[in-house]
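Please have your viewer open as you go.

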Amino acid sequence: MKTKIFALLILISGFLSAQVTFNPGIRAGINFANLTNRSNETFYLHEDENPEKVIHTSLKTVTDFYIGLQGNIRFTERYALQPEVNYSRQGTNLQYTTENGVLPEKRLHYNFIGVQLTNKIYIKNFSVFAGPFLDLAVGENNSGLDLGFSGGLGYDIFKNLGVEVRIKKGFASMLGHENSSFLFSNSNMVFQIGGYYTFHFKK
């Protein structure tokens, strides 16, 4: 009995080692980033000694970039798990309207270093993927951590080269205001278009 179990384990191990492949790669592309918004929320700005009541918030999409490293672990012909480490520049163009008038527009920069676990389903040269991410804000507007989910579609042009589109949705608020309902509405929303290059090493 022990001999049969041992032989079965060797057989399974050999099968897995023959099927599972690991291919590292790089990825980069363009971000179209913004924050979700409830424009009719009201709150007070406390930037000086005379607080102003905000009656409208305008958030406009900004264009920036992302770059990262990926490791594609191909378990079967149809499925792969792809851990990623990414640097992503996001943000918004913010403009408040107060009871005293429209304030000047300003650009908010949010730079993130994050990790993501992407599950990929392959259908010939196409792939459908989704997974959670955890981002840490670094730099000028350090807004802490952002936890979220992203998904998208990819296409392998060649064995090593492909293109993809993603939608990345964060759950954490990026703007701090006293109105709690406003707080939870200002989370990251990013549309990404980019490409990836994978390295295939011979065994």
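**Aromatic pairs and the strands around them**

Phe191 is partly exposed, with 34% relative accessible area (buried is under 20%, exposed over 50% and partly exposed in between, using a 1.4 Å probe and protein chains only). The model is predicted, so local features need pLDDT of at least 70 and side-chain atom pairs count only at pLDDT 80 or more, while totals for chains, interfaces and linings use all residues. Residues are numbered from 1 along each chain as its sequence is written, and side-chain values use heavy atoms, leaving out hydrogens and water.

**Aromatic rings**

- Searching the whole structure gives five aromatic pairs (Phe, Tyr and Trp rings, the last by its six-membered ring, with centres within 6.5 Å; planes under 30 degrees apart are stacked, over 60 edge-to-face and the rest tilted).
- One of them joins Phe32 and Phe191, a tilted pair because the planes meet at 35°, with ring centres 6.3 Å apart.
- Since Phe32 belongs to strand 1 and Phe191 to strand 11, this pair ties together parts 159 residues apart in sequence.
- Phe32 is partly exposed, at 32% relative accessible area.
- Phe65 and Tyr87 also form a tilted pair, with centres 6.1 Å apart and planes at 55°.
- That pair links distant parts of the chain, as Phe65 is in strand 4 and Tyr87 in strand 5, 22 residues apart.
- Both partners are partly exposed: Phe65 has a relative accessible area of 36%, and Tyr87 has 25%.

**Strand pairing**

- Strand 1 (residues 21-35) runs antiparallel to strand 4, joined by 13 bridges (strands are DSSP E runs of at least two residues and helices are H or I runs of at least four, numbered from the N terminus; two strands pair if DSSP finds at least two bridges between them).
- In strand 4, Asp64 is the residue opposite Asn31.
- Strand 1 also pairs with strand 11 (residues 187-198), again antiparallel, over 11 bridges.
- Phe32 stands opposite Phe191 of strand 11.

**Charges over rings**

- Lys120 places its charged end over the ring of Tyr196, 5.0 Å from the centre (NZ of Lys or CZ of Arg must be within 6 Å of the ring centre and within 35 degrees of the ring normal).
- Lys168 does likewise over the ring of Phe133, at 4.8 Å from the centre.

- Glu84, in strand 5 (residues 79-98), is buried because its relative accessibility is 2%.
- Beyond residues up to four places away in sequence, Glu84 touches several residues, including Arg27, Gln70, Gln116 and Thr118 (contact means heavy atoms within 4.5 Å).
- Leu161, in strand 10 (residues 161-173), is partly exposed at 35%.
- Leu161 and Gly25 are 136 residues apart along the chain, with their C-alpha atoms separated by 9.7 Å.

**Confidence**

- The chain has a mean pLDDT of 82, and 73% of its residues reach 70 or more (pLDDT is the predictor's confidence in each residue, from 0 to 100).
- Confidence is highest in strand 4 (residues 62-74), at 96, and lowest in helix 2 (residues 180-183), at a mean of 41.
- Residues 177-184 have pLDDT below 50, and this stretch makes 23 contacts in the model beyond near neighbours in sequence.
- Where pLDDT is low, the predicted coordinates should not be read in detail.
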